[in-house]
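Colleague: Hi! Could you walk me through this one?

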Amino acid sequence: MSDVAAEFPADIPDQPELVSQRREGAIVHLRLERPEVMNCLSFPTLRRFRTLLEELAGDLSIRCITITGAGEKAFCAGADLKERRSMPTERVPDFVKNIRGLMDDVEAMPQPTVAAVNGFAFGGGTELLLACDLRVAAAHAQFGLTETSLAIIPGAGGTQRLPRLVGKSRAKDLILTGRRISAQEAADMGLVNRVAAEGELEACVAEVAAQIAGNGPVAVRAAKEAIDRGSELPMAQGLEIEARCYDKVLPTSDRLEALAAFAEKRKPVFEGR
């Protein structure tokens, strides 16, 4: 990751209250804290979010990161349009660069990321969850890349990540119409991994995060890297990347611990080395 502070104009403050951080063991929970505006992404919110990710990326004692929005109404409604309306024209390119940068930062995290979609996820909100490794949605959640209705296009990775996830035809259907879809339709097309029953989102996300965190940390990071770097390449090149990632787990004490635990019929205790 680049130096986040250098990516922002000097007068954009770093406001810790905009994105909260809570740690439970090896799992970190990040939450957008702007429910009054459906957790939309302002310039200061982007700076706080990207700063946190920069700090977390270097802490490999963290085994999973969840991302959600405050309240039950919205995960993230995308860019702060009120801020954009009053933004000087010369500042818009910096904003767009940083909203793209946020999505790239999320995708590049060495630790797996899980989006907990607790409500509306429109525009940049859908682009944010697309950058995560896994997506768990509340039954009432809604999704949409609605930018064409505002005479723009998804500009933070939506036109690229969505077709890679659900296919080109489905991506064109959603982006060209700008229509909004339910959590169940999102799950049916592969945009969402799991739909939680009403009131069960937090528990469902906690279960997924715990399953990830309970596996060998070096192996989980290596598997994520192999998929991210190799899955869009020709098979032969992808297999080469997989082999290099496999080489990373061979010398680890976690691998030996897993073998010993299997022989001794107990649960392994992984230390991430």
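Modeller: Happy to; we can go through cores, a helix pair and one glutamate.
Modeller: This is a predicted model, where local features need pLDDT of at least 70, side-chain atom pairs count only at pLDDT 80 or more, and totals for chains, interfaces and linings use all residues. Residues are numbered from 1 along each chain as its sequence is written, and side-chain values use heavy atoms, leaving out hydrogens and water.

Colleague: How many residues has the largest nonpolar core?
Modeller: It has 53 residues, and F143 and L191 have the most contacts inside it. Such a core is a set of buried Ala, Val, Leu, Ile, Met, Phe, Trp, Tyr and Cys residues joined through side-chain atoms within 4.5 Å, buried being under 20% relative accessible area with a 1.4 Å probe, protein chains only.

Colleague: Which helix gives the most to this core?
Modeller: Helix 1 (residues 43-57), with seven residues; helices are DSSP runs of H or I, at least four residues, numbered from the N terminus. There is also a second, separate core of 15 residues, including I27 and V208.

Colleague: New topic: at what angle do helix 5 and helix 6 pack?
Modeller: Helix 5 (residues 158-166) and helix 6 (residues 168-177) pack at about 135°, axes 7 Å apart, with axes fitted to C-alpha atoms over the stretch in contact and angles running from 0 to 180 degrees between N-to-C directions.

Colleague: Which residues meet there?
Modeller: Among them are L162 and V166 in helix 5, and L174 and I175 in helix 6.

Colleague: And E257, buried or exposed?
Modeller: E257 is buried, at 18% relative accessible area, and lies in helix 11 (residues 253-264).

Notes: Buried means under 20% relative accessible area, exposed over 50%, partly exposed in between (1.4 Å probe, protein chains only). Helices (H or I, at least four residues) and strands (E, at least two) are DSSP runs, numbered from the N terminus. Contact means heavy atoms within 4.5 Å.
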